[in-house]
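Good morning, and thank you for coming.

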Amino acid sequence: MGQYAGNLLCLELPQQDKRLYTFVETDGCFVDGVTVATGCSVGHRTLRVMDLGKVAATFVDTQTGKAVRIWPHAQCRARAERYAPAAPNRWRAQLEAYQVMPAEELLSTCHVELLIDLKALIAMPGGRVNCSKCGEEVLNQREVIRDGHLLCLDCAGSGYVRRTDAGQAM
Ligand SMILES: [Zn+2]
């Protein structure tokens, strides 16, 4: 998928810069493969997991705005058996076939536009403020303003954890 995205978007991958941004639609080893092929990673802030539970990804050229979504072709498993007729089982057939099948037989693609603001997602790298309630640092413009106060999402009520101790600092 990553290599095919490079062909479709005419980008040389794996990238050394941050031009390509990738949304993967599940977590797991699939993401590691996409990371190796594209050079996009969570660490570089060029990859984001949109957890839809799908082995699919959208690749965005941040310079041109062009975006393609790629997912496994509905027939890819059936086709795999034609490419590896001597394989002892279906798993082995897929393993061998997926390495030699043309991308167009293996994958489906379409052009897409993003429904989320990629610029806001990337935001201001290095931006940092302190939450006026908990005092913790908030990066990349993830803070919100409530009644004139800068708050982290946690203190603004959109957190994902709740303290269960008495509130003493660890
Ligand atoms: Zn806070």
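Predicted model: local features only at pLDDT ≥ 70, side-chain atom pairs only at ≥ 80, totals over all residues.

Residues are numbered from 1 along each chain as its sequence is written, and side-chain values use heavy atoms, with hydrogens and water left out.

The protein is divided into domain 1 (2-121) and domain 2 (124-158); such bounds come from an automatic or database domain assignment. The C-alpha centres of domain 1 and domain 2 lie 34 Å apart.

Let us turn to the sheet. Helices (H or I, at least four residues) and strands (E, at least two) are DSSP runs, numbered from the N terminus. Two strands pair if DSSP finds at least two bridges between them. An open sheet is formed by 5 strands in the order 2-1-3-4-5, with mixed pairing. Which strands stand at the edges? They are strand 2 (47-49) and strand 5 (107-111), each with a single partner strand, so one side of each is left without a neighbour in the sheet. On average, neighbouring strands of this sheet are turned by 20 degrees against each other, direction ignored. Axes here are lines fitted to C-alpha atoms, for helices over the stretch in contact, and angles run from 0 to 180 degrees between N-to-C directions.

Strand 4 (residues 67-72) and strand 5 run antiparallel and are joined by 5 bridges. Within this pairing, Val68 has His111 of strand 5 as its bridge partner.

Helix 1 (residues 2-9) packs on the sheet and touches strand 1 (20-24), strand 3 (57-61), strand 4 and strand 5; contact means heavy atoms within 4.5 Å. The direction of helix 1 makes about 145 degrees with that of strand 4. The buried residues of helix 1 are Gly2, Tyr4, Ala5, Gly6 and Leu9. Buried means under 20% relative accessible area, exposed over 50%, and partly exposed in between, with a 1.4 Å probe and protein chains only. Just after helix 1, Cys10 takes a positive phi of about 55 degrees. Helix 2 (residues 29-38) lies across strand 1, strand 2 and strand 3, running at about 170 degrees to strand 1.

Next comes helix 4 (residues 90-100), where Arg92 is found. Arg92 is partly exposed, at 34%. Leaving aside neighbours within four places in sequence, Gln94 is in contact with Arg77 and Ala80.

Finally, we reach the metal. The protein donors of the zinc ion are Cys131 (SG), Cys134 (SG), Cys152 (SG) and Cys155 (SG), lying 2.3 Å from the ion. Donors are N, O and S atoms within 2.8 Å of the metal (3.2 Å for Na, K and Ca); water is not among the atoms, so sites may look incomplete. Along the chain, the donors follow the spacing C-x2-C-x17-C-x2-C. Cys134 lies in the loop between strand 6 (128-130) and strand 7 (137-139), and Cys152 in the loop between strand 9 (149-151) and helix 7 (154-158), so the pair ties together parts that are 18 residues apart in sequence. Cys134 is partly exposed at 35% relative accessibility, whereas Cys152 is buried at 11%.
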